[in-house]
Amino acid sequence: MNENEAKTLIERFAEKQQGGHFACPRCGKMTMDAESVTRNALSRRATVHICDACGMQEALEDMMDSITPLTAWAIVSAPENWRMRRHYSAAAWAREQYTDRWNDCPYFRDMVERGEIPADYIGRRTVMIHAPIKGTVLLTEGYHFTVDDEEGRQYL
């Protein structure tokens, strides 16, 4: 994910930040003021609230002329922890190594019958990623991520 895509993701998160209690999108820690999001620091890098410690860190970075890129923020590495979908451009999807799909086979059909996976998973693409808190996770297209290509548009 590049800086522009990261900024877009962070600003999409800012729209839902007012309606709930989330971890700090910059560091990933549960240090945000739960009573009112506006009691937290406003980031200098994106229009979003961050915890006070990260606000102080951004101020110090500005003084030292050393800015942490948005791509290093916790929300960018694991957006699903903030109930945000990952978004892949066609080129970024092509670079992913651990991709597959839920094939229409007896094993997955049995999982559907047992109620272990939704029936509409069948045929969708998947990707395995490493999330900082949860470890290795399997994400399913349309539920956890979208892809900007002809195949991906059917799930938007």
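A: The largest pocket holds about 190 Å³ of space. This is a predicted model, where local features need pLDDT of at least 70 and side-chain atom pairs count only at pLDDT 80 or more, while totals for chains, interfaces and linings use all residues. Residues are numbered from 1 along each chain as its sequence is written, and side-chain values use heavy atoms, leaving out hydrogens and water.

Q: Which residues lie nearest the centre of the largest pocket?
A: Met1, Arg86, Tyr88, Ala92 and Glu96, out of 13 lining residues.

Q: And what gives the most to the lining?
A: That's β3, with 4 residues.

Q: OK, switching to α1. Which of its residues are buried?
A: Ala6, Leu9, Ile10, Phe13, Ala14 and Gln17. Buried means under 20% relative accessible area, exposed over 50%, and partly exposed in between, with a 1.4 Å probe and protein chains only.

Q: Where do they sit around the helix?
A: Looking down the axis of α1, the buried residues fall within an arc of 150 degrees, so they line one face.

Q: What covers them?
A: The cover includes β2 (49–50) and α3 (74–77).

Q: Which exposed residues are on the face turned away?
A: Asn4 and Glu15.

Q: What caps the N-terminal end of α1?
A: Asparagine 2 does: a side-chain oxygen of asparagine 2 lies 3.0 Å from the backbone nitrogen of asparagine 4.

Notes. Helix = DSSP H or I, 4+ residues; strand = E, 2+ residues; numbered from the N terminus. Arc of directions from axis to C-beta. Contact = heavy atoms within 4.5 Å. Polar contact = N/O pair within 3.5 Å; in protein donor to acceptor, adjacent residues only side chain to side chain. 1 Å grid on protein atoms, 1.4 Å probe; cavity = no way out; pocket = protein on both sides within 12 Å on 5 of 7 lines; lining within 4 Å. Points joined across faces, edges and corners; volume = space filled by probe spheres on them.
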